[in-house]
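This report describes how two chains are built and then turns to a few of their local features. Please read it alongside the sequence and the three-dimensional view.

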Amino acid sequence: MEFIVSGFQKGIALIFSGNAEVYAIARLSLLVSMFATVISVLIGVPLGALIAVKKFPSKKIVISLVNTGMGLPPVVVGLLVMLFLSRSGPLSFLEWLYTPMGMVLAQVIIATPVITGLSMSAMQSIDPKFYRQILTLGAGEWQALAVCLKEIKLSVLAAVIAGFGSVISEVGAVMIVGGNIRSQTRVLTTATVLQTQMGNYDMAIALGLILIGLTFIINLALTFIQQQKAQAYNAK
Amino acid sequence: MKNIRWMFPVISAALIFGCQAKNGPQNAVRLVTTTSVRDTGLLDVLSDAFQKDGKYTLKAVAVGSGQAMQLGKTGEADILWVHSPDDEKQFVEEGYGTDRTTFMYNDFVILGPAQDPAKVKGVKKAADAFKKIAAAKAPFISRGDKSGTHKKELRIWDAAKVKPAADKYIEAGQGMAATLTLADEKNAYALVDRSTYLSMKSKIGLVIVSEGDDALLNRYSLILVNPAKFPKVNAAGARAFFDFVLSKPAKEMVEKFGQDKYGKQLFFYDYAAK
């Protein structure tokens with residue numbers, strides 16, 4: 001027990017000592033995951049909304065695919081991305097293997113189905129008559145979607161939170177695609193694994209605490225926005 | 001408020017692309033090396049020194065020698081720094097690599113629990129030590145990942161003409177430090193390179209039970225991946241790193257490495273560096 005307690009003490013001391021390497025790792029984690037989440041939102045929210053409102057022949061299959069995508073094992077995504085980005089793969093010209101952009105790509109593939117699925121189900125909770133009513137008022141398709149999205153923005157924010165959570169804590173895919181290269185592709189999760197395997201438990205705990213802390217702060221901010229909007233909505 | 005939301009991805013994109021510009025693809029050299037080189041910290045020292053003048057970015061990925069040579073065979077790596085002599089010779093013979101240069105060595109040690117249930121202490125030959133471990137049915141942790149260490153271990157089992165009981169032989173499938181940590185937790189015997197052992201000595205309870213046999217010598221080599229076979233290889237960058245490691249400044253760094261921290265020289269350089 002003492003061993004764990006001293007690990008925590010050393011870990012917290014490492015955080016406050018302003019250790020440059022620790023902060024560089026944290027910064028990269030945030031950059032990669034935030035960038036990936038933003039891209040996933042830009043793709044997933046309109047896509048999910050579109051799937052929900054439009055009628056088309058294979059709709060049920062597409063919805064199943066999206067739902068399956070939500071449960072996609074991240075490490076398998078990482079393996080496939082690595083194979084595609086490798087020198088013998090079709091996307092080798094991008095030269096993204098062992099770089100942060102490759103990690104962003106993997107994270108986008110992981111987060112987009114999550115955000116799409118949640119946006120889709122949020123959209124399906126709107127009365128379909130509402131969407132058609134807006135169309136009859138003369139709105140274009142995209143305009144109508146935008147109005148509907150405004151109605152469910154609380155749920156959309158929940159999708160964003162879920163998408164971000166699914167990638168900031170991911171370790172397998174970024175390890176395979178990024179290679180855990182010091183000061184280039186080492187992020188909080190992969191660094192924690194390395195330090196743990198090397199028996200540097202104080203460092204591992206420091207990184208783990210930062211990861212939890214960052215995730216908490218970002219979710220706090222997003223939840224704050226979400227609940228503020230909820231209050232404003234309820235006050236109407 | 002709306003504007004701020006859009007600024008965010010733009011700033012992140014700029015930052016990430018900014019970092020990418022620094023690691024320009026044409027300047028990136030892909031080194032694939034062993035976990036023992038990384039786990040001891042030697043890789044970091046040489047990597048920093050090589051990248052100091054900013055001419056090249058070193059993408060150093062640490063995996064077992066087996067996987068390293070596999071990456072070499074598909075042209076994913078530009079240069080290998082490995083320690084599996086038989087596999088290396090075959091690699092070069094089959095035309096995948098050139099300029100194989102053995103330049104550095106250390107040795108392996110057999111680690112075991114302090115109480116030494118198999119009574120290995122004092123045994124001079126590694127094969128005999130392994131015989132005793134198998135006879136005593138003591139747990140043994142193997143790298144199990146076709147790495148240089150793993151191949152060395154298998155050769156010793158071959159020489160001993162014996163294998164431990166299946167339930168006593170655990171294949172970790174991980175790097176050197178991870179395997180050592182696992183062996184320590186399980187209070188088992190293991191074959192570990194001396195440098196990794198020294199770098200982790202303060203954190204583990206296992207002790208050296210056998211050392212010094214010639215069979216435990218561990219030689220590291222550099223191999224250039226054959227650009228004739230794989231046109232995408234960064235041949236110039238690989239050659240630059242190759243020349244750097246075989247230079248006098250690098251030789252000094254290798255020989256000095258670990259002296260202040262562990263009081264002992266961890267790696268020995270036996271190439272006539274210019």
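What follows treats each chain in turn and ends with individual residues in the loops.

## Chain A overall

The model is a predicted one, and in it chain A has 11 helices and 0 strands, so that its elements, read from the N terminus, run α-α-α-α-α-α-α-α-α-α-α. The C-alpha trace of chain A spans about 65 × 50 × 25 Å along its principal axes.

Of the 236 residues in chain A, 42% are buried. Among the contacts in chain A with a separation of 6 or more, 77% are made by residues 24 or more positions apart.

## A helix pair in chain A

Two packed helices are described by the angle between their axes and the distance between the axes. For helix H2 (residues 20–53) of chain A and helix H5 (residues 100–124) of chain A, the axes come within 6 Å and cross at roughly 35°, and the crossing of H2(A) and H5(A) is right-handed. The contact of H2(A) with H5(A) comprises 21 nonpolar and 11 polar residues, with no charged residues.

Chain B has 12 helices and 10 strands, and its C-alpha trace spans about 70 × 50 × 35 Å along the principal axes. Buried residues account for 46% of the 274 residues in chain B, while 76% of the contacts in chain B between residues at least 6 apart in sequence join residues at least 24 apart.

Chain B is divided into domain 1, which consists of 24–106 + 219–269, and domain 2, which consists of 107–217. The C-alpha centres of domain 1 of chain B and domain 2 of chain B are 26 Å apart, and 23 residues of domain 1 of chain B are in contact with 19 residues of domain 2 of chain B. On the side of domain 1 of chain B that touches domain 2 of chain B, at least two residues each are supplied by helix H2 (35–40), helix H4 (65–73), helix H5 (85–93) and strand E4 (97–112) of chain B. H2(B) gives the most to this side, with 4 residues, and by class the residues of this side of domain 1 of chain B are 6 nonpolar, 12 polar and 5 charged.

## The buried side of a helix in chain B

In helix H10 (residues 235–245) of chain B, the buried residues are B:Gly237, B:Ala238, B:Phe241, B:Phe242 and B:Val245. These residues lie on the same side of H10(B), because they cover an arc of only 140° around the axis.

## Residues in the loops

A:Asn180 is placed in the loop between helix H9 (172–178) and helix H10 (188–197) of chain A, and its phi is near 55°, a positive value in a residue other than glycine. A:Asn180 counts as buried because it has 21 C-beta neighbours inside 10 Å, the cut-off for a buried residue being 20 or more.

B:Lys137, in the loop between H6 and strand E5 (140–142) of chain B, also has a positive phi, of about 55°, although it is not a glycine. With 13 C-beta neighbours inside 10 Å, B:Lys137 counts as partly exposed. B:Lys125 is located in the loop between E4 and helix H6 (126–135) of chain B and is partly exposed, with 17 other C-beta atoms within 10 Å. The C-alpha atoms of B:Lys125 and B:Leu216 are separated by 9.1 Å, although the two residues are 91 residues apart along the chain.

Methods: Residues are numbered from 1 along each chain as its sequence is written. Chains are lettered from A and ligands numbered from 1 in the order in which they are written. This is a predicted model: local features need pLDDT of at least 70, side-chain atom pairs count only at pLDDT 80 or more; totals for chains, interfaces and linings use all residues. Domain bounds come from an automatic or database domain assignment. Two residues are in contact if their C-beta atoms, placed from the backbone, lie within 7 Å. Ala, Val, Leu, Ile, Met, Phe, Trp, Tyr, Cys and Pro count as nonpolar, Asp, Glu, Lys and Arg as charged, and the others, Gly among them, as polar. Axes are lines fitted to C-alpha atoms, for helices over the stretch in contact, and angles run from 0 to 180 degrees between N-to-C directions. A crossing is left-handed if the near helix is turned anticlockwise from the far one by less than a right angle, and right-handed if clockwise. A residue is buried if 20 or more other C-beta atoms lie within 10 Å of its own, exposed if 12 or fewer, and partly exposed in between; C-beta atoms are placed from the backbone. The arc is that of the directions from the helix axis to the C-beta atoms.
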